[in-house]
Amino acid sequence: MTKLSVNINKIATLRNSRGGNNPDLVKVALDCERFGAQGITVHPRPDERHIRYQDVFDLKAVIATEFNIEGNCREQKFVDLVLANKPAQVTLVPDAEGQLTSNHGWDTLKHADYLKEMVAVFKNAGIRVSIFVDPVIELVEGALATGTDRIELYTEAYASHFHQNQAQAIAPYVKAAQKASELGLGINAGHDLDLHNLKYFAQNIPNLLEVSIGHALISDALYYGLENTIQLYLKQLS
Ligand SMILES: CC(=O)[C@@H](O)[C@H](O)COP(=O)(O)O
Ligand SMILES: NCC(=O)COP(=O)(O)O
């Protein structure tokens, strides 16, 4: 079964736009769980433009499903935040300073020693680790050498090519996932997954453990409502 983790960054973006507590991030997270989401994902960024560091503490205190914190482990503040909260999973993303959104995975070969060190820091604290990677066989092999439990396949390229040629768009992901499975790595995926492209992805990627979805899901909720939207996404995964 593939778990749906709802990324609630966009709820925090909306809240922050007026400075108050509407919408209430913690309430939305609890509602996502109540409506069937099997996890909550946040991706705090150093400028706290959406998720604030305090949000992570507030969420950790109440979340009953899987809590996944994504971010840049080169920021000491991020490392401290994760270690203080001990989520079920940390996803290491190589964010550049000030970037709009995540736009690449880790070069697990070039940064092998550094990643090995960071994976050990989190695993020693009992936190499952996932490394964000592009769908490239050599990078999946590089991930194995870091000691990570899982990889998260960066799906932007799949999503952007899906409407032109589905088979071509998914081909590198199938190969990367087959390699990961062969090596015993767990497989997550995310970025720009939506109601159009999710089913095909989930049907074609072997052993897909989890998808984290934010932007499209929260946008769809404007039309369908949050409860219906979560059900629609779960249906794509069933
Ligand atoms: C790693 C990933 O693909 C998502 O977490 C994405 O980066 C969301 O971050 P933003 O909401 O800041 O775009
Ligand atoms: N890890 C990907 C994620 O959490 C959500 O990305 P997106 O759906 O907002 O593109």
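This is a short chat about a predicted model of one protein.

Me: What kind of model is it, and how is it numbered?
Reply: It is a predicted model, in which local features need pLDDT of at least 70, side-chain atom pairs count only at pLDDT 80 or more, and totals for chains, interfaces and linings use all residues. Residues are numbered from 1 along each chain as its sequence is written, while chains are lettered from A and ligands numbered from 1 in the order in which they are written.

Me: How many helices and strands?
Reply: The protein has 11 helices and eight strands. Both are DSSP runs, numbered from the N terminus: helices are H or I with at least four residues, strands are E with at least two.

Me: What does UniProt list as "binding site"?
Reply: Arg45, His50 and Thr101, from an unreviewed entry. UniProt positions are in the numbering used here, feature names are shortened, and annotations may be inferred rather than shown by experiment.

Me: Where does Arg45 lie?
Reply: In the loop between strand 2 (39-42) and helix 3 (53-60). His50 is in the loop between strand 2 and helix 3.

Me: Is Arg45 buried or exposed?
Reply: Buried, with 21 other C-beta atoms within 10 Å. The cut-offs: 20 or more other C-beta atoms within 10 Å is buried, 12 or fewer is exposed, and in between is partly exposed, with C-beta atoms placed from the backbone.

Me: And His50, buried or exposed? What does it touch?
Reply: His50 counts as buried because it has 23 C-beta neighbours inside 10 Å. Leaving out residues up to four places away in sequence, His50 touches Asn9, Ala12, Thr13 and Asn16. Contact needs C-beta atoms, placed from the backbone, within 7 Å.

Me: New topic. Where is Leu226?
Reply: In helix 11, residues 226-237. Leu226 is buried, with 21 C-beta neighbours inside 10 Å. Its contacts, not counting residues up to four places away in sequence, are Asp31, Phe35 and Ala221.

Me: How far apart are Leu226 and Gln54?
Reply: 24 Å in space, C-alpha to C-alpha, and 172 residues in sequence.

Me: How much of the protein counts as buried?
Reply: 45% of the 238 residues.

Key: Contact = placed C-beta atoms within 7 Å.
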